[in-house]
Amino acid sequence: MFRLKPFLPIVAAALCVPASLVITGTSRVHAEDVPVIDITAKRFAFSPDKITLKAGQTVKLRLHSEDVTHGFFLRPLKLDEEIPAGQTREVTVTPQAAGTFTTICDHFCGANHGNMNMTIVVE
């Protein structure tokens with residue numbers, strides 16, 4: 001016969017996890033402790049054009065488009081975000097591997113669209 005009583009403390013503890021808690025892999029980070037990096041997309045550049053992150057550290061990228069819809073795509077970090085014109089999107093990322101990566105705009109935004117990229121260095 002299945003008895004629920006021994007599992008009640010586990011269920012109760014799971015229900016008490018604060019909403020502001022971000023769980024990444026084996027570590028727990030409070031949302032207010034996650035660094036925020038602001039990135040602006042504007043024809044035909046991201047600003048800043050280079051950021052440095054630490055492997056294993058969770059960060060929030062706040063992406064804003066000043067003009068038209070842009071994309072923010074980087075497969076190794078599982079980033080694929082659409083940034084509608086005049087809007088802001090937030091994405092949380094925890095890079096695992098060190099390296100230098102190139103993020104591209106994957107939404108056609110004009111004549112120099114192919115030159116719109118930024119560098120993300122993970123140490």
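The structure is a predicted model, in which local features need pLDDT of at least 70 and side-chain atom pairs count only at pLDDT 80 or more, while totals for chains, interfaces and linings use all residues. Residues are numbered from 1 along each chain as its sequence is written, and side-chain values use heavy atoms, with hydrogens and water left out.

**Overall fold**

The protein chain contains one helix and eleven strands. Helices (H or I, at least four residues) and strands (E, at least two) are DSSP runs, numbered from the N terminus. Read from the N terminus, the order of the elements is α-β-β-β-β-β-β-β-β-β-β-β.

Of the 123 residues in the protein chain, 30% are buried. Here buried means under 20% relative accessible area, exposed means over 50%, and partly exposed lies in between, as computed with a 1.4 Å probe on protein chains only. A contact means heavy atoms within 4.5 Å. Among the contacts in the protein chain with a separation of 6 or more, 59% are between residues 24 or more positions apart.

**Accessibility of selected residues**

| Residue | Relative accessible area | Class |
|---|---|---|
| Ser65 | 0% | buried |
| Cys105 | 3% | buried |
| Cys109 | 4% | buried |
| His113 | 17% | buried |
| Thr119 | 23% | partly exposed |
| Lys78 | 77% | exposed |

Ser65 belongs to strand β6, which spans residues 59-65. Ser65 counts as buried because its relative accessible area is 0%. Leaving aside residues up to four places away in sequence, Ser65 touches Ala41, His70, Ile83, Pro84, Ala85, Gly86 and Gln87. A polar atom of the Ser65 side chain lies 2.4 Å from the backbone oxygen of Val68. A polar contact is a pair of N or O atoms within 3.5 Å; within protein, one must be able to donate a hydrogen and the other to accept it, and residues adjacent in sequence count only if both atoms are side-chain atoms.

His113 sits in the loop between β10 (99-104) and β11. A polar atom of the His113 side chain is 3.3 Å from the backbone oxygen of Cys105. With residues up to four places away in sequence not counted, His113 touches Phe44, Cys105, Asp106, His107 and Phe108.

Thr119 is part of strand β11, residues 117-122. Although Thr119 and Phe46 are 73 residues apart along the chain, their C-alpha atoms are separated by 9.5 Å. Thr119 touches Asp49, Lys50, Ile51, Thr100 and Phe101, again not counting residues up to four places away in sequence.

**Backbone features**

The peptide bond joining Arg43 and Phe44 is cis, with omega about 0°. Phe44 lies in the loop between β3 (36-42) and β4 (45-47). A cis peptide bond also leads from Ser47 to Pro48, where omega is near 5°. Pro48 is found in the loop between β4 and β5 (50-53).

Lys78 has a positive phi, near 55°, and is a residue other than glycine. Lys78 is located in the loop between β7 (70-74) and β8 (79-83).

**Cysteines**

A disulfide is a covalent bond between the sulfur atoms of two cysteines. In this report the term requires a pair of cysteine sulfur atoms within 2.5 Å. How many disulfides does a search of the whole structure find? The search finds zero. Cys105 is in no disulfide, and its nearest cysteine sulfur, that of Cys109, is 4.1 Å away. Cys109 is likewise in no disulfide.

**The largest pocket**

Rolling a probe the size of a water molecule over the atoms shows where empty space is left. On a 1 Å grid over the protein atoms alone, a pocket is an open set of points where a 1.4 Å probe fits, with protein on both sides within 12 Å along at least five of seven lines; lining residues have an atom within 4 Å of a point.

The largest pocket holds about 170 Å³ of space. This volume is the space filled by probe spheres set on the grid points, which are joined across faces, edges and corners. Its lining consists of Pro76, Leu77, Lys78, Leu79, Val91, Thr92, Val93, Thr94, Pro95, Gln96 and Ala97. Strand β9 (residues 88-93) supplies the largest share of this lining, with three residues.
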